[in-house]
2 protein chains.
Amino acid sequence: MVSDAESAPVSAKPPVTLREVAAAAGVSVATASKALNGQGRMTAETRERIRETARRLGFRPNSLAQSLLRKRSFTVGLLTNDTYGRFSLPLMAGVSDALVDKGVSVFLCNVEDDQRLGQLHVEAMLDKRVDGIVATGKRIDRHLPVDLSNLRIPVVYAFTQPDPGAVGLVSDDAGGARLAVEQFLRLGRRRIAHVSGPASFAVVHARAGAYRDVLTENGLPAAEPLLGAWSEGWGHDAVAKLFGKAGREGWPDAVFCGNDQIARGVIDALRERGISVPEDVGVIGFDNWEIVAEATRPPLTSIDMNLASLGREAGLALLSLVDGQPAAPGIRKLPCRLVVRQSCGSPPQ
Amino acid sequence: MVSDAESAPVSAKPPVTLREVAAAAGVSVATASKALNGQGRMTAETRERIRETARRLGFRPNSLAQSLLRKRSFTVGLLTNDTYGRFSLPLMAGVSDALVDKGVSVFLCNVEDDQRLGQLHVEAMLDKRVDGIVATGKRIDRHLPVDLSNLRIPVVYAFTQPDPGAVGLVSDDAGGARLAVEQFLRLGRRRIAHVSGPASFAVVHARAGAYRDVLTENGLPAAEPLLGAWSEGWGHDAVAKLFGKAGREGWPDAVFCGNDQIARGVIDALRERGISVPEDVGVIGFDNWEIVAEATRPPLTSIDMNLASLGREAGLALLSLVDGQPAAPGIRKLPCRLVVRQSCGSPPQ
DNA sequence: CCGCTTTGAGAAAACCTTTTCCCAAATGGT
DNA sequence: ACCATTTGGGAAAAGGTTTTCTCAAAGCGG
């Protein structure tokens, strides 16, 4: 049987305060504070004695008291509406990583697509005196269900539609698409098709536009992009459209897909038709969703949006805003990265 | 050109304080505080006047000052080492959802598998005086790279290995496996195979154990589970082992898979062999990872671990611990749920 | 030995809210 | 009219830290 003392509420003795350190070192709290912060003037010996005492007692300053005084809480809010998505998690981790080293902690605020929840979270943030807010979403071209426009604290938008005049960071989708198409060209592919998601997504147009641009810049014909859903199923169907017509010579020798799921569907459908990847047809996806990209056969070459970096940049941008550094408003696009696996073939020797 | 005044640091006027409300209403701060909190005694008219003033001025109490006084910060820390995983996100959202309604905010702490990062985050939490910590992971049978055992604040473990004597919440893997196998039995399947992940995972044994139990309870032979990787590739290979031998009558008529990726591999491999799902063979997965389960053909019946609920329960458990309610230490298992799609067939009429 | 500057350290205000205690006025009972 | 109680509201301390101001002692030039 465990004694009462042991099973009692976890709360042991309260944390040691600066006052106690000061008393133990035989100085005033003012002196103790200055000693620990490297401020004020005192003998090196006094300073060291206080520091040693603090160390011995395990003193850690109460962040709440500090925040109250400094008007700086060293916390920021992270708003997201992407609960299950694979986009927000790396992004969130990036923000958190960039900030933890600076002593800044991140409040996680999942607002779904619920106005009420958004309001609730934003008010909680403001009450807790966050120094700033990072707003992220699952779509670059949609707003979160909250109004952050008159907030008195800085806001940075990452991977979501920013308010006018605000700072926004997004991936450079057009640049990413260029990487893919240019890779195909470098590999000697010439009849490059594009299969993407619904026309209602801005990224679909950004990527399709770049696809067209690269091809025309190189004097090649750009087929009309095939738009559908973000699903494997649509990848299958698109293959039927592209490779259905008789006459092998009309077939594409490369397919640039709007995301990895479509690419997966395309590759599976091609295999079912006996068309081999990458020998007959090269395939490149988008998102570099590793768990999908690595499970396709062959493993999928894809465009990575560098979401963790995007998150880090967003965190740092917010921090400099908090520090009062003016930042140019507008949308900043961060480059994507080509991750080569085996679905697009090797360069001609 | 935007004027300097407009592009100046976002920080407008500071938030309105209780003192200002009191002054505007012509009372003392003490009275104002009591009016807003429903404490103390005063005329209904005074109370209402103060409330109205506060409303008009947009007063919101400074949470930092409240926390300092009440010794309760209304924040908790959420530790995770699952940055890219699909497990932690629903779990985290569940924790956050359960707590936001109670005015409690959640610090997101991504510790990867890095001791230093863990230490850093835990110290930041303690400095910020979190009321408690929820520790989550990507594996039920592994510890986070941090020591939370002597922390002076309550800790709840969710989907990760708890410290001895602590409160832990995990999914009931054995129960989930029972659901799957019993569903097969209900559908008239009798030769049920089990393909799962690496033997180094505790859940593999929990699920395999339940698989065996259900079959022997029903007087049926339990084949030795096939253990491999958590991948589609292993699903493929397992089908080769199960259906490679000649003699159709030795083949299973159902495969219970340790996760959805294996199940996906199994289904694809069966289709390639011309074995139809669910007519010839039923398949059930585990995790109910919707994006995979819905993309398989046919869509995959799977076991859902109810991670959002698990997160909610963890949040509430932590809260009651924070409130001083003693909780029975030990591991509590929360039930799984069978999500029926089309890969396991319909019940015999 | 005297006035001036430097040095070392403490007192107190400030941050914002809550809560306890206190006091004056009003009310009620006789 | 007097005492006891209730009512309405304020003063002040508390919570933990930082920072400004103050002040005594010591050092120093003449």
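Colleague: How many salt bridges are there between chain A and chain B?

Modeller: This is a predicted model, in which local features need pLDDT of at least 70 and side-chain atom pairs count only at pLDDT 80 or more, while totals for chains, interfaces and linings use all residues. Residues are numbered from 1 along each chain as its sequence is written, chains are lettered from A and ligands numbered from 1 in the order in which they are written, and side-chain values use heavy atoms, with hydrogens and water left out. A salt bridge is a side-chain nitrogen of Lys or Arg within 4 Å of a carboxyl oxygen of Asp or Glu, and B:E272 forms one with A:R297, with the closest N and O atoms 3.0 Å apart. Between chain A and chain B the count is 12 salt bridges.

Colleague: What area is buried between chain A and chain B?

Modeller: Contact means heavy atoms within 4.5 Å, and 65 residues of chain A are in contact with 65 residues of chain B. Buried area is the accessible area (1.4 Å probe) that two parts lose on being put together, summed over both. Carbon and sulfur atoms give 58% of this area, which comes to about 5200 Å².

Colleague: Which residues of chain A lose the most area to chain B?

Modeller: Together they make up 13% of what that side buries. They are A:L64, A:R129 and A:R152.

Colleague: What rotation superposes chain A on chain B?

Modeller: The superposition is by least squares on the C-alpha atoms of residues with pLDDT of at least 70 in both copies. The RMSD is 0.1 Å and the shift along the axis 0.0 Å, for a rotation of 180°. The two copies are thus related as by a two-fold rotation axis.

Colleague: Which residue of chain A comes closest to the rotation axis?

Modeller: The distance is taken at the C-alpha and is 2.2 Å. The residue is A:F107.
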